[in-house]
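Please open the structure in a viewer and keep the selection tool at hand.

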Amino acid sequence: MAEYVGALDQGTTSTRFMVFNHGGDVMSSYQEEHRQILPQPGWVEHDALEIWERTRVVVEKGLEQGGLRPTDLAAFGITNQRETAVVWERATGKPIHNAIVWQDTRTADLCDELAAQGGPDRFRSKTGLPLATYFSGPKVSWLLDHVEGSRTRAEAGELLFGTIDSWELWNLTGGPSGGRHLTDVTNASRTLLMNLATLDWDDDLLGAMGIPRAMLPEIRSSSEIYGRAIDPLAGVPVAGILGDQHAALFGQVCFDVGEAKNTYGTGCFMLLNTGTDPVTSQNGLLTTVGYQVGEDPAVYALEGSIAIAGALVQWLRDNLEIIETAPEVEGLARSVADNGGVYFVPAFSGLFAPHWRSDARGVIAGLTRFATKGHLARAALESTAFQTREVLDAMNRDSGVDLTSLKVDGGMVFNELLMQFQADQLGVPVRRPVVAETTALGAAYAAGLAVGYWAGFDDLRSNWGLDREWQPTGSGSRRDELYGQWKKAVDRTLNWV
């Protein structure tokens with residue numbers, strides 16, 4: 001019997017392949033970055049072929065690093081950056097344009113046009129989402145409008161659309177030679193094209209955006225066998241697909257109503273399990289599918305999406321060059337006692353939850369001659385904690401339940417200064433698991449469940465272990481004073497564009 005389960009984690013800045021054992025321990029991991037293509041302000045693209053090439057490399061190297069063969073894997077799952085849109089030729093596998101990334105804002109005018117009838121919540125009752133540049137449906141519409149001849153070709157079935165999970169699955173299962181064109185309910189729920197009640201594409205939504213049904217993937221559950229892979233994972237069942245934040249919810253074993261997690265990656269994403277009935281947000285959150293296992297009913301979640309978290313540290317490194325590596329930001333931030341009155345609101349792509357303001361742009365407020373690069377670094381880290389508090393406050397109001405602790409994961413959770421400040425701002429304990437990269441783990445769990453490698457949720461719950469916990473410190477008045485200043489800075493970002 002195969003001893004392990006794999007996970008392909010295709011993120012915004014890199015692609016990684018990981019292998020886990022039955023206890024959820026990492027047996028092997030290999031990762032490579034890909035380019036961030038920025039043609040003009042507000043536009044963010046990826047080369048989908050480059051991502052596919054990186055995928056082959058990380059799988060081969062990940063197996064090699066662990067001394068493993070494909071036959072050692074019972075199955076593998078896929079998790080992915082969600083709202084990034086790819087359109088490619090069915091016959092050749094060649095994309096008609098670079099992938100348009102979830103951070104991209106070029107569809108602002110289209111979203112405004114769609115909102116002219118019914119406002120930004122025009123489709124919320126069906127999709128759980130506001131009209132925003134974040135989601136992939138408008139990106140597909142933009143591509144069909146701006147790549148010559150593409151709409152006619154799409155209607156004829158010559159072109160395929162997919163979020164990155166579909167692109168990876170299609171290539172991994174044969175590409176032009178029989179590749180499976182599928183997606184799961186979590187990724188489909190982020191397109192503005194799927195009806196949350198039917199879990200299928202909605203003809204009214206497709207018509208409003210001018211997107212032919214012929215180019216769309218079939219929607220499946222998050223945990224089932226979709227097909228078997230070709231090289232470099234020849235014969236291994238592909239048996240799990242979850243958008244990255246849903247995968248983290250799954251990897252954090254948030255299977256009960258009221259359980260929540262927050263992932264600190266390129267962006268920052270908090271999800272709260274609301275059970276088998278979708279909850280409509282009154283406070284700027286998204287209603288989304290959390291996961292669906294096989295034939296079981298779909299489980300829904302409330303989500304607060306923050307566009308820029310770890311990406312701000314990358315900006316300090318790559319654009320300002322005040323650090324050489326991302327981990328250096330903590331030491332630089334610790335070089336000062338506090339933020340020195342400096343607040344950084346990284347609205348590089350507008351503001352996501354709970355504001356949904358595409359007209360916002362980034363602001364650094366409170367600068368004096370006293371401010372140093374240490375204060376700037378500290379303000380950058382604190383911005384992630386402040387944005388998370390905004391989301392948690394909205395989540396508490398929507399759910400009517402005050403969270404008593406927060407499970408955290410993602411690359412930034414190893415920043416001890418940030419995690420302590422986060423606990424201080426929320427006033428609840430922040431808990432980091434032993435395996436902090438729960439996105440990949442969640443994809444592995446979904447795949448393993450589908451093939452019987454794990455028997456059920458209790459198996460997965462027993463794998464979760466606490467690595468570190470941060471208890472809140474300081475007074476509530478100080479916490480609210482800092483947060484009040486942050487809110488003033490947020491107001492300065494609005495109506496910029």
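**First stop: the nonpolar cores**

Begin with the largest nonpolar core, which has 106 residues. A nonpolar core is a set of buried Ala, Val, Leu, Ile, Met, Phe, Trp, Tyr and Cys residues joined through side-chain atoms within 4.5 Å. Buried here means under 20% relative accessible area, exposed means over 50%, and partly exposed lies in between, with a 1.4 Å probe and protein chains only. Select Tyr-134, Met-215 and Tyr-264, the residues with the most contacts inside this core. Next select helix α12, residues 373-399, which gives the most to this core, with eleven residues. Helices (H or I, at least four residues) and strands (E, at least two) are DSSP runs, numbered from the N terminus.

A note on the model is needed at this point. It is a predicted model, in which local features need pLDDT of at least 70 and side-chain atom pairs count only at pLDDT 80 or more, while totals for chains, interfaces and linings use all residues. Residues are numbered from 1 along each chain as its sequence is written, and side-chain values use heavy atoms, with hydrogens and water left out.

Return to Met-215 and display its surroundings. Contact means heavy atoms within 4.5 Å. Which residues are in contact with Met-215, leaving aside its neighbours within four places in sequence? They are Val-87, Val-140, Leu-144, Ala-154, Leu-159, Leu-160, Phe-161 and His-181. A second, separate core has 33 residues, including Ala-2, Ala-75, Val-253 and Ala-301.

Select Ser-141, placed in helix α4, residues 136-146. Ser-141 counts as buried because its relative accessibility is 3%. Apart from residues up to four places away in sequence, Ser-141 touches Leu-110, Arg-151, Met-209 and Ile-211.

Then select helix α6, residues 164-172. This helix is mostly covered, for nine of its nine residues are buried. Those residues are Ile-164, Asp-165, Ser-166, Trp-167, Glu-168, Leu-169, Trp-170, Asn-171 and Leu-172. Just after α6, Gly-174 takes a positive phi of about 130 degrees.

**Third stop: the cysteines**

A disulfide is a pair of cysteine sulfur atoms within 2.5 Å. By this rule, the count is zero disulfides. Select Cys-254: the nearest cysteine sulfur, that of Cys-268, is 14 Å away. Cys-254 is buried, with a relative accessible area of 0%. Cys-268 is also in no disulfide, and Cys-268 is buried at a relative accessible area of 1%.

**Fourth stop: pockets and a cavity**

Rolling a probe the size of a water molecule over the atoms shows where empty space is left. On a 1 Å grid over the protein atoms alone, a cavity is a set of points where a 1.4 Å probe fits but cannot get out; a pocket is an open set with protein on both sides within 12 Å along at least five of seven lines; and lining residues have an atom within 4 Å of a point. Grid points are joined across faces, edges and corners, and a volume is the space filled by probe spheres set on the points.

The largest pocket has a volume of about 1,000 Å³. Of the 43 residues that line it, select Thr-13, Tyr-264, Gly-265, Thr-266 and Gly-411, the closest to its centre. Helix α10 supplies the largest share of this lining, five residues. The lining of the largest pocket divides into 13 nonpolar, 20 polar and ten charged residues. Ala, Val, Leu, Ile, Met, Phe, Trp, Tyr, Cys and Pro count as nonpolar, Asp, Glu, Lys and Arg as charged, and the others, Gly among them, as polar.

The second largest pocket has a volume of about 600 Å³. Its lining has 22 residues, and Leu-38, Val-44, Gln-103, Trp-315 and Phe-348 are the closest to its centre. The largest share of this lining, six residues, comes from α10.

How many cavities of 30 Å³ or more does a search of the whole structure find? The search finds one. The largest cavity has a volume of about 70 Å³. Select Ile-306, Leu-351, Phe-352, Ala-353 and Gln-387, which lie nearest its centre among 13 lining residues.

**Last stop: a strand**

Select Asp-467 in strand β23, residues 466-470. Asp-467 is partly exposed, with a relative accessible area of 41%. Not counting residues up to four places away in sequence, Asp-467 touches Arg-432, Pro-433 and Val-434.
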